[in-house]
Amino acid sequence: FSRCHAEKNVPNDLNLRHIFTGEEFARGARLWTHGYDFYTITRPIIGVYYGGDKGGRGGWRSNREESHASARRIATLLHAKGSDQSPEAHANLGFFDIGTRRTLDQYYEFSGVNVKTGETKNVCIVKYVPWNVPYEAPKSNSNSVMSAKGKIRGLDKERFIEQETGAGTVDNISSVYLVMYIGIASSLLCFLGYVIFRVCAFKSGHQMPAWEKYLRSKRLRKKNMM
């Protein structure tokens, strides 16, 4: 469970098709290095049973080529042994790369699983790891995302929502106040214009407009009925 801005700032990688093994660890690496924290209870209370005797129905046919491409993409993301660490491979990750608030090595130390070296260690209790740099909005070329095949997929700027720093919230609130102030100012100007019009009409001896006579007579009728 998390706030919705986690899904907007660090969304699932759209290019990880037919992936199963490694998807959770890779998503966790991206979330944690973008500054999100994990909280868990001290013992598991629920799990998923994969046994066939539960009578599960349905399934899908895995595309072997796409599955292997996704595995290679995750290996590049996590700097796994023998993975492609070329600038082109990391450029293809685009918006779905590792964050900058914490490093990948810090994540390995935090989780106890080091994909680079293949080493693991038991980590029962961990402490908060401060951010290394202040938050910056995710960057991408021309506001778009590179797919694994090098194609460009558009991504709206609205998905880049500031979180925790409150910058995005402040901008939204400022916009609301701006619209509210404009509305109040417009109403005051309209009222002022009406007052000036009535004063000028009174001084010039003009008769009351027909629409105002109608409204006044309607108000008088309501008052007499009460």
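**Contacts and core**

Guide: Leaving aside neighbours within four places in sequence, Leu77 is in contact (heavy atoms within 4.5 Å) with Ala26, Arg30, Leu93, Phe96, Asp97, Ile98 and Leu104. This is a predicted model, in which local features need pLDDT of at least 70, side-chain atom pairs count only at pLDDT 80 or more, and totals for chains, interfaces and linings use all residues. Residues are numbered from 1 along each chain as its sequence is written, and side-chain values use heavy atoms, with hydrogens and water left out.

Visitor: Which residues have the most contacts inside the largest nonpolar core?
Guide: They are Ala29, Ile74, Leu77, Leu78, Leu104 and Tyr107, in a core of 15 residues. Such a core is a set of buried Ala, Val, Leu, Ile, Met, Phe, Trp, Tyr and Cys residues joined through side-chain atoms within 4.5 Å; buried means under 20% relative accessible area, exposed over 50%, and partly exposed in between, with a 1.4 Å probe and protein chains only.

Visitor: Which helix gives the most to this core?
Guide: H5 does, with 4 residues. Helices are DSSP runs of H or I with at least four residues, numbered from the N terminus.

Visitor: Where is Arg101?
Guide: Arg101 sits in the loop between helix H4 (87–93) and helix H5 (104–111).

Visitor: Is Arg101 buried or exposed?
Guide: Arg101 counts as buried, because its relative accessibility is 1%.

Visitor: And what about Leu188: buried or exposed?
Guide: Leu188, which lies in helix H6 (residues 167–204), counts as exposed because its relative accessibility is 56%.

How values were computed
Helix = DSSP H or I, 4+ residues; strand = E, 2+ residues; numbered from the N terminus.
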